[in-house]
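Subject: Structure handover

Hello,

Here is the structure I promised to pass on. Please open it first, then read my notes below.

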Amino acid sequence: MKLLSVEDNKVTNLANTRILKKEYPLIDITITENGEEALDYLQKCNKVDLPYFILLDLNMPIMNGIEFLSAIRRDDNFSTIPVVIHTTSSNLEDYFKCKNLGVSGYFVKNVDFNKYKETLITIGKYWINSFNNRI
């Protein structure tokens, strides 16, 4: 199962990878550090190599998460990829922008590491079970 993580924080990327790989050893995680890099990655993928879902931060340089989400929703090649927001932003305006762009989930990162880890495992469990039921 392929996951594209779009997150600019290297420590968060390391933590997310360790948490998800420990729980789901077969998960294939590609990390990009902003929306522009993620869009470039998707455009280079053939249809078989597209990620099954995208874990997306909102607050990033160059192209933020909402700009990235808008771009992929306009592109027929990527518009159906499920996107789960995992961000520090609890701003309702961000939430509604993402909801209107068809996100599959919106999770605010918890500062308590155990709760953070639990949320990430729950997100992974849902999408892995969904993927396994699809094939």
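Start at the loop between β3 and α3 (65–74), where Ile62 lies. Keep in mind that this is a predicted model. Ile62 has a positive phi of about 70°. That is despite Ile62 not being a glycine. Is Ile62 buried or exposed? Ile62 is exposed, and its relative accessible area is 61%. The cut-off for exposed is over 50%.

Next, the pairings of β1. Strand β1 covers residues 2–6, and strand β3 covers residues 53–56. These two pair in the parallel sense over four bridges. Look for Ser5, which stands opposite Leu55 in β3. β1 also pairs with β2, again in the parallel sense, over five bridges. There, Leu4 has Thr30 in β2 as its bridge partner.

Then the helix α1. What do β1, α1 and β2 make together? They make a β-α-β unit, and this unit is right-handed. α1 has 14 residues. From its first C-alpha to its last, α1 reaches 20 Å, close to the 20 Å expected at 1.5 Å a residue.

Which residues of α1 are buried? They are Thr12, Asn13, Asn16, Ile19 and Leu20. Why are these five on the same side of α1? They cover an arc of only 140° around the axis, and that puts them there. Lys10, Val11, Arg18 and Lys22 are on the other side of α1, and they are exposed.

If you want a quick tour, take these stops in turn:

- Ile62, for its positive phi.
- Ser5 and Leu55, opposite each other in β1 and β3.

Best wishes

Methods
Residues numbered from 1 in each chain as written. Predicted model: local features only at pLDDT ≥ 70, side-chain atom pairs only at ≥ 80, totals over all residues. Heavy atoms only, no water. Pairing = 2+ DSSP bridges. Right-handed = clockwise from strand over helix to strand, strands pointing away. Expected span 1.5 Å × (residues − 1). Buried < 20%, exposed > 50% of the residue type's maximum accessible area, 1.4 Å probe, protein only. Arc of directions from axis to C-beta.
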